[in-house]
Structures are given as structure tokens and as C-alpha cells.
Amino acid sequence: MEPLGNGRELSRAWQAVLGRLEVEVNKHNFNTWLRDTRPLHASGNVVTVQARTAMNCDWLNQRLTVVVHRAASAIFGDDVRVEFVPRGAEPPAEAPSPEALPAQPAAGPLVGSVNSIYTFQAYVPADGNRLALQSCVALLDDPDLRISPVVIFGAPGLGKTHLLHALAGRATAAGWAVACLSAEEFTNRYMMGFRGGKLEEFQRALRGVRLLIIDDLQYLAGKTGTLDELVHTIDAVTNNGGHVVVASERHPFDLDLPDRLASRLAGGIVTRVEPFLLAERRRFIEQAARRHRVALPGWAIERIAGCEAPSVRLLQGAVNAAVSLHRSEMLDQRNLDAALTRISVAAVSPGALEDRCLLDTIARYFEVSLDELTGRSRKPLLTQARAIAVAALKERGRSNADVAEVLGGRDRSTISQAADRGRELLEAEPRLQSQLAG
């Protein structure tokens, strides 16, 4: 890379890189991740570029490496490497002496435990989890965008716990006092303190933290004493300027929670995490395989991605199976399909599997994907197929809440109306009726 004489010259060169990227990257990604970047320093073959937040840097360094390298190489030279850093991380022109390095903050006190495997770097951003991810990162990196409480809800296996532990790990590393507990752990600690005469010790440990994280909130439903204690804990943390993040399988209003707790949680950000779409499943599979230092063949990636796995956990299991077969030199379509079938049957309950088969049948009949059927598009063909799916699920005895959940977390108040329309539409489709009956 030719040396760049001054900041203005470096800035002009980076603007040329951005000009190329604006053509190569879709408009949404360019505006979200690249537009506000600016170069800080060029040394050797490394150009250090500032992005707005640490999350932006993680995304750029992981997801756009190839396209950024291609654009930068055209301007700086083939041997260039671009490294994105967040605001406040501007490096000096020369490496400082050890004495000049700023002291790293001591790790903050932790109540509970954090799984260090779960990091933001290993978390795959997607349309269905982006708000949850941004809300958590903002608590650490962007005071102007901090909103608390943050409530993340969704079906099991979609990465809620991963996100909570990534947040807790980053916060403790930054010196924050953190409590990271499952609902069961919170209950056990509270009961031990209550019965052992150490309730004040329990309260002092939790109410003084800067970040309170509670996982699996649904397990506290109906536990009046524990819920009362949680309300007081949340109030104490927030009144002291701290933040609260909670994960649950269901929306707070769908749990048996006291009104004062449900209203406090709903007063922040309540966001649902959704399964990956097809392109996102592909990216996850490729990234997971790279962590195992295995390059899966394209047909295997497409085979796994095409399964429309309802959870990240199930998708990870499929990747692990493919990697194992690849290392054993047994990776072919027959063996991979057998492994995928075993994983699906083991992970999905019989009732859910029946519902999935029903939706698959309807999707194939209308020549749409399952993602489209359970998605938010209002195209006439999809609304018709969706209404028929509602009617068919209701005929199987599913409740409005169950139907809403199966179809991507829709508003339950619309289910009855959709079922009436779906029954009329289904009567006009005898061939589909026969397929569903079979």
C-alpha cells in the first residue's frame, strides 16, 4: 500500500472506497453500517476505520470483510486490510510504550454466572433479532439510545440466552456490577435468603447492580412472593440509574404476572426474536462450519438451510451433524438427510410436527415458502393461504394463542376473523382439502 501523506489524503481515499461500496452493497446495508464511517489511521497495510458502535464494527468485520477488502484493494492496493473500530477507540500513530497504555477497567462484580462462549462476535445478526441485538448493545455503547427495561421474547432455541450472556460478559469486562440469573436461580437465591435469615444480603447484592439480567421469566408465572421481590429489585436497580434486561418465551402480557410488573416491563422495549430466513440460515451455517474449520460443500449448505429449522439450536445441531459426517468422509445426501430427520424428530414435539406438516402442505399448494406463509407480506395469494392455514389449525383444535404462535406471533384478536374467511376459501379448494385430510 502506498503511504498516505496526511489525513485529508486518507479521507479522500476512503471516500473513493465508499463510492465503490455504495454500488456493490444494497442501500439499506450501506446506510446502516457504512455511510458514517471515517478513516482514522493508515499504517503498513492496515487502514483503521471508525464506525459508530461496537456492534457496527462486529457486523462489518465479520459480514462485509470480503466486499470491503475488494473495494479497498482497488484504491489502496491488493495487500490492504481494513479494520473497523468503534468511536473512542482511535489508535495512536505509533504503538505507545507499555507505561503509556491506559489501564483496562477491572472486571465488575458478578452475581450469578456468564457463559463466555456466548459473545456478540459469535451472535449472527438477522432481521428477526436485530432490534433485540441493537437494544442490548445500546445499553453499553450508546448512552443516547439506552432504553430500559429490554424484554426479549420468543420460542426456545432462538438465541435469547446467548444475547443475555454476551451482554453480561461485555458489561462485566467494562467494570459494571452485573447480576445474570435465570428465573430459577433468582427464585432459589431469594428463598434461601428468606428462609436462612439472609434476605437483606440477597437484596443488597442484587439491588445495587448496574445491570440486572433475568432469563426464562415465564418460570416465575404465579409465584407471588418471588414476583413481588423481582418488582422491588427492578425498581431499586432502575432508580439507581441501572438497567434491566429480561428474556421470556412469551410476551409479558401473556404471562401470569402482577400488573405492576407487566406494566414496568412493557414500559421499555419489548421485542420478539424470530427464526432465521433462508439467506440468514445460509450465513449461519457457513459461519458455524468455519468455526469448526470445515468448508461444507454448497449442496450440503443448501440442504441444511432448506430445512427451515425453527430454532438456532436445531440449526446448530444440523451443522454439527454435517461437520461430523464430513470429517468421517461420509457426507452424502442420504446420510445428511437421515441425520437431519433424526434431529428434527427429536427436537420437535408431535403436535408441533403435525402443525408444521400442515403448513408445509399449504405452502406447497400455493407454491410459496414456509417463511412467506408465516411472514408479514400482505400479497393477496399469501393472505389467502394464511387464512386457510388459520382455519385448518383451528379445525385441529388449536387455540387462538397456539395459531398465533405457529404463524409467527400474530395478533390473537385477528385469528377468529381469519378462520371464518379461511373456511370459506378452503371449501372452494377440494384438492387442498383432500391433501390436508390425507
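Biologist: Why is Arg272 called buried in this predicted model?

Modeller: Arg272 has a relative accessible area of 19%. Buried means under 20%, so Arg272 counts as buried. Arg272 belongs to strand 9, residues 269–272.

Biologist: What makes the pairing of Arg272 with Glu274 a polar contact?

Modeller: Their side chains come to 3.3 Å, and the cut-off for a pair of N or O atoms is within 3.5 Å. The Arg272–Glu274 pair is therefore a polar contact.

Biologist: Happy with that. Now the helices: why is helix 5 called roughly parallel to helix 6?

Modeller: The axes of helix 5 (residues 130–141) and helix 6 (residues 160–173) cross at roughly 10° and come within 10 Å. Angles under 35 degrees count as roughly parallel, so that is the label for this pair.

Biologist: Which residues make the contact between them?

Modeller: Helix 5 brings Ala132, Leu133, Cys136, Leu139, Leu140 and Asp141, while helix 6 brings Leu163, Leu167, Arg170 and Ala171. By type, the residues of this contact are eight nonpolar and two charged, with no polar ones.

Biologist: What makes Val245 stand out in the largest nonpolar core?

Modeller: That core has 51 residues, and Val245 and Leu21 touch the most other members. Leaving out residues up to four places away in sequence, Val245 touches Cys136, Leu139, Val150, Ile152, Leu164, Leu167, Leu211, Leu212, Ile213 and Ile214.

Biologist: And how many residues does the whole protein have, and what part is buried?

Modeller: There are 438 residues, and buried ones make up 46% of them. The secondary structure comes to 20 helices and nine strands.

Definitions and conventions. Residues are numbered from 1 along each chain as its sequence is written. This is a predicted model: local features need pLDDT of at least 70, side-chain atom pairs count only at pLDDT 80 or more; totals for chains, interfaces and linings use all residues. Side-chain values use heavy atoms; hydrogens and water are left out. Axes are lines fitted to C-alpha atoms, for helices over the stretch in contact, and angles run from 0 to 180 degrees between N-to-C directions. Helices (H or I, at least four residues) and strands (E, at least two) are DSSP runs, numbered from the N terminus. Angles under 35 degrees count as roughly parallel, over 145 as roughly antiparallel, 65 to 115 as roughly perpendicular and the rest as oblique. Contact means heavy atoms within 4.5 Å. Ala, Val, Leu, Ile, Met, Phe, Trp, Tyr, Cys and Pro count as nonpolar, Asp, Glu, Lys and Arg as charged, and the others, Gly among them, as polar. A nonpolar core is a set of buried Ala, Val, Leu, Ile, Met, Phe, Trp, Tyr and Cys residues joined through side-chain atoms within 4.5 Å. Buried means under 20% relative accessible area, exposed over 50%, partly exposed in between (1.4 Å probe, protein chains only). A polar contact is a pair of N or O atoms within 3.5 Å; within protein, one must be able to donate a hydrogen and the other to accept it, and residues adjacent in sequence count only if both atoms are side-chain atoms.
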